[in-house]
Amino acid sequence: MNTADQYVKAIYLLQEMENGPASTGSLADRLGVSPASANEMIGKLESRGLAEHEKYKGVTLTDEGIVHARDALQTYCIIERFLANVLSVDEFRAEASDLEPVIDDLVAERLDTIIDRNADCPDCFDPETDACCHLEVAAEGTETGEQRAD
């Protein structure tokens, strides 16, 4: 997975939450980048045929972009569930975000055999809570809002 994958995944989730185009500001906030960086990557996604950007309205994914985003989201869910459910990593979200850009399809497929992924993946991912609904987490964490694995 690469940076472009992270962007299409974020745009996909924002489109789901906003029920329409994702604003550049929301995208930048979600990814922790500047709006200028988000705009630059949106231009690259447009040139690859993955997204369409309309000034002052936001960015939407093309059909190809949606397929790409769902694949990226599925890989992220696999990483997150492996870290939380199998390895019981406390900070699984931070770790999953760090690992996401470097996990390739082969490694994701092998991790997938360990977690026994549900058939509804990646639809199992809730953009509001920013988590897979199949995570085995005890409860909302402390004041940081982090979830903890069992």
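In this predicted model, Gln6, Tyr7, Ala10, Ile11, Leu13, Leu14, Met17 and Glu18 of helix H1 meet Ser26, Leu27, Arg30 and Leu31 of helix H2, where contact means heavy atoms within 4.5 Å. By class, the contact of H1 with H2 has eight nonpolar, two polar and two charged residues. Ala, Val, Leu, Ile, Met, Phe, Trp, Tyr, Cys and Pro count as nonpolar, Asp, Glu, Lys and Arg as charged, and the others, Gly among them, as polar.

Residues are numbered from 1 along each chain as its sequence is written. Local features need pLDDT of at least 70, side-chain atom pairs count only at pLDDT 80 or more, totals for chains, interfaces and linings use all residues, and side-chain values use heavy atoms, without hydrogens and water.

Helices are DSSP runs (H or I, at least four residues), numbered from the N terminus. Axes are lines fitted to C-alpha atoms over the stretch in contact, with angles from 0 to 180 degrees between N-to-C directions.

| Helix pair | Axes come within | Crossing angle |
|---|---|---|
| H1 (residues 3-18) and H2 (residues 24-31) | 10 Å | roughly 120° |
| H2 and H3 (residues 35-47) | 8 Å | roughly 105° |

H2 is therefore roughly perpendicular to H3, while H1 and H2 are oblique to each other. Angles under 35 degrees count as roughly parallel, over 145 as roughly antiparallel, 65 to 115 as roughly perpendicular and the rest as oblique.

On the H3 side, Thr24, Leu27 and Ala28 of H2 meet Pro35, Ala38, Asn39 and Ile42 of H3. The contact of H2 with H3 has five nonpolar, two polar and no charged residues.

Conventions
Helix = DSSP H or I, 4+ residues; strand = E, 2+ residues; numbered from the N terminus.
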